[in-house]
Amino acid sequence: KATSTPTWRWWVKAVGRDTSRRRERAPALSMMSGMTAKSKIAVTLPADLVDAARTAVKAGRAASVSAYVAGALRQRSKLDDLDELLDEMLAATGGPLTGSERAEIDQEAGWR
């Protein structure tokens with residue numbers, strides 16, 4: 001007598017597990033060159049920025065669009081760190097210069 005077992009059920013019996021269920025995936029992390037952990041994300045960018053990144057890759061200024069974006073983010077992160085440092089320094093020295101203090105410095109330096 002022929003059985004009417006669907007093909008996928010036969011596979012489950014042969015393999016010993018149900019592969020039809022979607023498995024939870026761990027975050028997309030991998031170890032790349034230099035043993036630096038990388039994370040994969042999706043972002044939405046203006047078309048002109050995507051074109052600029054692709055142009056940089058074609059011109060050899062970046063290894064990939066991902067490398068181009070990573071470089072831009074690294075540069076922005078450094079600027080943010082400098083902004084934080086400046087804020088800390090200003091807080092420790094009494095805040096930013098006043099208009100009269102700037103004018104006095106400009107005059108002493110011969111800039112005005």
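This passage describes the fold, the surface and selected side chains of a predicted model.

The chain has four helices and two strands. Along the sequence, these elements follow the order α-β-β-α-α-α. Helix 2 covers residues 47–58. Helix 3 spans residues 65–92. Helix 4 takes in residues 99–109.

Of its 112 residues, 4% count as buried. The chain exposes about 10500 Å². Carbon and sulfur atoms supply 55% of that area.

One is nonpolar and is made by I41, V43, L45 and L49. The area of this patch is about 400 Å². The relative accessible area of I41 is 68%. Exposed residues are those over 50%, so I41 is exposed.

The other patch carries negative charge. D81, D83, E84, D87 and E88 gather there on the surface. D83 is found in helix 3. Its relative accessibility is 45%. That value lies between the 20% and 50% limits, so D83 counts as partly exposed.

Side chains of opposite charge can pair when their charged atoms come close. In this model, D80 forms a salt bridge with R76. The closest N and O atoms of D80 and R76 are 3.1 Å apart. This distance is within the 4 Å cut-off, so the pair qualifies as a salt bridge. The count of salt bridges comes to one. D80 and R76 both lie in helix 3, four residues apart. That spacing is about one turn of the helix. The two partners fall into separate accessibility classes. D80 has a relative accessible area of 31% and is partly exposed. R76 has a relative accessible area of 52% and is exposed, because the limit for that class is over 50%.

D51 is found in helix 2. At 45% relative accessibility, D51 is partly exposed. D51 and V65 are 14 residues apart along the chain. Their C-alpha atoms are separated by 9.7 Å.

D106 is placed in helix 4. The relative accessible area of D106 is 17%. Buried means under 20%, so D106 is buried. D106 touches W111 and R112, when residues up to four places away in sequence are not counted.

Terms used. Residues are numbered from 1 along each chain as its sequence is written. This is a predicted model: local features need pLDDT of at least 70, side-chain atom pairs count only at pLDDT 80 or more; totals for chains, interfaces and linings use all residues. Side-chain values use heavy atoms; hydrogens and water are left out. Patches are made of residues with over 30% relative accessible area and no salt bridge: like charges are joined within 9 Å, nonpolar side chains (Val, Leu, Ile, Met, Phe, Trp, Tyr) within 5 Å. Accessible areas come from the Shrake-Rupley method with a 1.4 Å probe; for residues, only the protein chains shown count as cover. A salt bridge is a side-chain nitrogen of Lys or Arg within 4 Å of a carboxyl oxygen of Asp or Glu. Lys and Arg count as positive and Asp and Glu as negative; His and the chain ends are not counted. The place of a charge is taken as NZ of Lys, CZ of Arg, CG of Asp or CD of Glu. Buried means under 20% relative accessible area, exposed over 50%, partly exposed in between (1.4 Å probe, protein chains only). Contact means heavy atoms within 4.5 Å.
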